[in-house]
Structures are given as structure tokens and as C-alpha cells.
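Subject: Structure handover

Hello,

Here is the structure I promised to pass on. Please open it alongside this email and follow the residues as you read.

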Amino acid sequence: MDFGLVGVAGAARADDERARQNYLLHCMGCHTETGVGLPGRVPSLRGTFARLAQDPAGRSYVLRVPGVTQSTLEPERLAEVLNWTIRAFRDGAEPAQVPPFTAAEVAAARERPLLEVSATRERVLNEPKAATPEQDGRSDR
């Protein structure tokens, strides 16, 4: 038996459990325990989250929504929650196809919170592979 691999697998399960607990504490109030959101008020994470996280504009959107930029979780823990969310609420995209969120991405996004949340979400979802605001000269500030 390779105890090194068991330790890594155990650590991954512990990280997933911590991420799940942080999701329940910090995200479930709006996105619900199952990630379906509140119709007309809070978007569902199911059916869109992994797809958004694969696209640069979608990734920028996810990282800059109020729940992320205003979260009290430190960047490492928030990145952990975002990555767990991709796996837990995957919507056809394999988690391996989605680059993992990093603490550095989370920290940088907090410097640029999104002001036009609904309009940006609509644009990103309806314009696949859209350029990020930095790339196309638009600014959400």
C-alpha cells in the first residue's frame, strides 16, 4: 500500500469537506444547498457555472460578482469553494476541462468588483467566448 497516495486522497477529501462546509456557510443562503439559486433573484449555479468558469469572460464575471468580492473567506478558501462548486454542480463539463480557480485570481478580482452584475451575466452567457472587459475596452466600473 502506498501511504503517500492515501494521505493525498485523504487530504483531498478533507479539502472538499471544508469547501462544502464553507459553501453551506457562505453561499447556500442565496444559491441554496443544491445550487439552484432563487428564481428571478439569484442565478442557479447548475447549468452555467462550469461553462462560465471555462471562458475568460465568464471567469472574470464569476470572480467579480458581489458574493465573491465581498466574501469574508480568505482567497485560498474561496478558491477552494469555487473549485468544489464546479465539481459538485457540474453541468456536463468535466471538471478536468475547467482550469482551477486560484487564490491569486480571487485576490485580484476583489480589487475590481462588478457593478453591472445582471447585464454582464447576460452578455457573457449570450456571447460565448466574449472578450473580458480589459480585452475589449469595456469597463464595468
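Below is what I found, from the overall fold down to single side chains.

Overall fold

First, a caution: this is a predicted model. The protein chain has nine helices and zero strands. Read along the sequence, the pattern is α-α-α-α-α-α-α-α-α. The chain has 141 residues, and 39% of them are buried. Take the contacts between residues at least 6 apart in sequence: 66% of these join residues at least 24 apart.

Helix α4

Which residues of α4 are buried? They are Ala57, Gly58, Arg59, Ser60, Tyr61, Val62, Leu63 and Arg64. The helix covers residues 56–64, and eight of its nine residues are buried, so the rest of the structure largely encloses it. Note that two arginines, Arg59 and Arg64, are on the buried list.

Helices α6 and α7

On the α6 side, the contact is made by Pro75, Glu76, Leu78, Ala79 and Leu82. On the α7 side, Ala103, Val106, Ala107 and Arg110 take part. By class, this contact has seven nonpolar residues, two charged residues and no polar ones.

Aromatic cluster

How many aromatic pairs are there? The count comes to four. One of them is Tyr23 with Trp84, a tilted pair with 5.4 Å centre to centre and 45 degrees between the planes. Tyr23 lies in helix α1 (residues 3–26) and Trp84 lies in helix α6, so this pair ties together parts that are 61 residues apart in sequence.

Tyr23 has another ring partner, Phe89. This pair is edge-to-face, with 5.5 Å centre to centre and 65 degrees between the planes. Phe89 sits in the loop between α6 and α7 while Tyr23 is in α1, so the pair ties together parts 66 residues apart in sequence. Phe89 is buried, with a relative accessible area of 4%. Taken together, ring pairs link Tyr23, Trp84 and Phe89 into a cluster.

Glu17

Glu17 is partly exposed, with a relative accessible area of 38%. The C-alpha atoms of Glu17 and Trp84 are separated by 9.1 Å. Along the chain, these two residues are 67 residues apart.

Where to look

Then view the contact of α6 with α7, including Leu78 and Val106. Finish at the cluster of Tyr23, Trp84 and Phe89.

Best wishes

Definitions and conventions. Residues are numbered from 1 along each chain as its sequence is written. This is a predicted model: local features need pLDDT of at least 70, side-chain atom pairs count only at pLDDT 80 or more; totals for chains, interfaces and linings use all residues. Side-chain values use heavy atoms; hydrogens and water are left out. Buried means under 20% relative accessible area, exposed over 50%, partly exposed in between (1.4 Å probe, protein chains only). Helices (H or I, at least four residues) and strands (E, at least two) are DSSP runs, numbered from the N terminus. Contact means heavy atoms within 4.5 Å. Ala, Val, Leu, Ile, Met, Phe, Trp, Tyr, Cys and Pro count as nonpolar, Asp, Glu, Lys and Arg as charged, and the others, Gly among them, as polar. Rings of Phe, Tyr and Trp (its six-membered ring) pair if their centres lie within 6.5 Å; planes under 30 degrees apart count as stacked, over 60 as edge-to-face and the rest as tilted.
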